[in-house]
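Hello,

Here is the structure I promised to pass on. My notes on it follow below.

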Amino acid sequence: MLSLPLIAALLACGAVAGFLAGLLGVGGGLVIVPVLAGVLSAAALGGEHAQHLAVGTSLAVMVFTSASSVRAHHRKGAVDWRIVRGMAPAMVLGTFAGSLLAGWVPGLALRWFFVVYAYAVAAQMLIGRQPAAGREMPGWAGQGAAGGVIGMVSSWVGIGGGSMSVPFMSWCNVPVPSAIGTSAALGYLISGWTATGLPWGSAGFVYLPAMPALMAMTVLLAPFGARMAHRLPVARLKKAFALLMAAMASEMLYRLL
């Protein structure tokens, strides 16, 4: 079971993840996954499946976070639903396939993948280079291919996909609908159903006891972050977040080495 200090850490983590998901349009899972993996390790839970549990639980939480964030952005007219309709079906299929495959990937490999991805996201945010605004979006086939790749990669790092879809749609910050998170969470639940050595309270690779604290705070803070996106210097905040991501990736890399 989780102690009170660990629950407090999850509440703080959920608050930060939800706020950043709404503010920057990046997956709150980039914060949740390393923190939750550390919490599980501190509680001696999960063993070799700690990373699977962290990713799967993060994606389950992102179902509710993304729904909250989408509503807030939609009210401000910041969601282009034509693009969502073009990419979402392939993203759903990509996340579901990727989350099923992740059940066969060793936890160590998932940790390395997360570290590399986090460094890549941090570098992109620090450099701040985006595709030229105003370029034409590809047709349905191109959007579908991009959505499938984004969905699959998202399912391996425990995020909603915003950190890849936002650069791809440089002039249009489109939050990913909650269907993508649902698909990935279901995939981790199914792929981990027969895994051995999982802690009590696990449903496949989703650790249910951690969800209430994370879910409550992310859902509460995501709309606030979305509102602040129209008031705060987002460009500077993205660079600060990039430095945080680099620090977290470095800490995980140190533990891997």
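To start with a detail: is Glu-251 buried, partly exposed or exposed? Glu-251 is partly exposed, with a relative accessible area of 40%; here buried means under 20%, exposed over 50%, and partly exposed in between, using a 1.4 Å probe and protein chains only.

Before the rest, some ground rules. This is a predicted model, in which local features need pLDDT of at least 70 and side-chain atom pairs count only at pLDDT 80 or more, while totals for chains, interfaces and linings use all residues. Residues are numbered from 1 along each chain as its sequence is written, and side-chain values use heavy atoms, with hydrogens and water left out.

Back to Glu-251: its side chain meets that of Arg-255 in a salt bridge, at 2.8 Å from N to O. The rule asks for a side-chain nitrogen of Lys or Arg within 4 Å of a carboxyl oxygen of Asp or Glu, and by it the count comes to 1 salt bridge. Both residues lie in helix α10 (residues 234-256), 4 residues apart, or about one turn of the helix. Arg-255 is partly exposed as well, with a relative accessible area of 39%.

As for the overall fold, the chain has 10 helices and 2 strands; these are DSSP runs numbered from the N terminus, with helices being H or I of at least four residues and strands E of at least two. The order along the sequence is α-α-α-α-α-α-α-α-β-β-α-α. Of the 257 residues, 53% are buried.

The largest nonpolar core has 47 residues. Such a core is a set of buried Ala, Val, Leu, Ile, Met, Phe, Trp, Tyr and Cys residues joined through side-chain atoms within 4.5 Å. Leu-2, Leu-10, Ile-32, Leu-36, Leu-214 and Phe-241 have the most contacts inside it. Among the elements that each supply at least two residues of this core are α1 (4-24), α2 (29-42), α9 and α10.

Leu-214 is worth a look on your screen. Apart from neighbours within four places in sequence, Leu-214 is in contact (heavy atoms within 4.5 Å) with Leu-10, Cys-13, Gly-14, Ile-32, Leu-36, Thr-57 and Val-61. Leu-214 is also one of the buried residues of α9, including Ala-213, Pro-223 and Met-228.

Finally, α9 has a kink of about 25 degrees at Leu-221, shortly before the proline Pro-223; the bend is the angle between axes fitted to the seven residues ending there and the seven starting there.

Best wishes
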